[in-house]
Amino acid sequence: MHDPLGDDPLVDENARAVVADLTVRGQTVATAESLTAGLLAATLAGVPGASAVLRGGLVTYTVETKITLAGVPSEVLDEVGPVAEPTARALAVGSQQRCGATWGVGLTGVAGPEPHGGHPVGTVFLGIAGPVTTSVTELALPGSRWQIRMAAVREALARLHTAIAEQ
């Protein structure tokens with residue numbers, strides 16, 4: 001018998017675990033991504049069976065799309081900017097609400113090559129909105145632009161997996 005969540009080496013283990021856990025619970029997830037530009041949603045979609053749990057992903061690479069697509073209040077962006085804890089929180093909640101998902105994940109940060117808004121390269125804010133609580137974690141990730149973006153996705157998946165297990 002074929003295992004639909006088989007051993008494809010290109011499928012992230014935490015992505016596989018998130019899809020499996022959400023499937024068992026009958027829950028869903030959506031993303032709002034700035035610095036990762038859809039890589040988190042694409043990583044989840046790489047898991048067989050993801051269509052049962054992945055509601056959608058918003059690529060909010062600009063200030064305007066953070067407002068129009070994810071519903072981040074313009075006041076938040078005016079006060080703290082696009083790379084900040086309140087922005088990541090609003091992205092997570094916005095993806096959850098706009099896509100009708102149980103869980104929402106928001107990612108914003110600085111992948112480089114230059115600092116942005118007073119934040120050094122590698123600064124990432126990860127928001128996770130669940131059915132009960134919303135949390136934001138600030139990360140300092142090393143590496144090149146690509147390495148920072150991929151590390152942000154890995155961190156998001158690992159922390160989402162933990163959050164799902166805890167709620």
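This is a short tour of a predicted model, stop by stop. Residues count from 1 along each chain as its sequence is written. Local features need pLDDT of at least 70, side-chain atom pairs count only at pLDDT 80 or more, totals for chains, interfaces and linings use all residues, and side-chain values use heavy atoms, without hydrogens or water.

**Backbone stops**

Select Ala37, in the loop between β1 (29–33) and α2 (39–45). Helices (H or I, at least four residues) and strands (E, at least two) are DSSP runs, numbered from the N terminus. Phi of Ala37 is positive, near 45°. Most residues other than glycine have a negative phi, and most peptide bonds are trans. Now go to Pro113, in the loop between β3 (103–109) and β4 (123–129). The bond from Gly112 to Pro113 is cis, omega near 15°.

**Salt bridges**

The whole structure holds 3 salt bridges (a side-chain nitrogen of Lys or Arg within 4 Å of a carboxyl oxygen of Asp or Glu). Start in α1 (residues 13–25) with Glu13 and Arg16, 3 residues apart. Their closest N and O atoms are 3.5 Å apart. Glu13 is exposed at 54%, whereas Arg16 is buried at 10%. Buried means under 20% relative accessible area, exposed over 50%, partly exposed in between (1.4 Å probe, protein chains only).

Next, select Arg89 and Glu85 in α5, 4 residues apart. Their closest N and O atoms are 2.8 Å apart. Then pick Arg159 and Glu155 in α6 (residues 145–166). Here too the closest N and O atoms are 2.8 Å apart.

**Last stop**

Return to α5. Its buried residues include Leu91, Gln96 and Cys99. Gly100 follows α5, with a positive phi near 65°.
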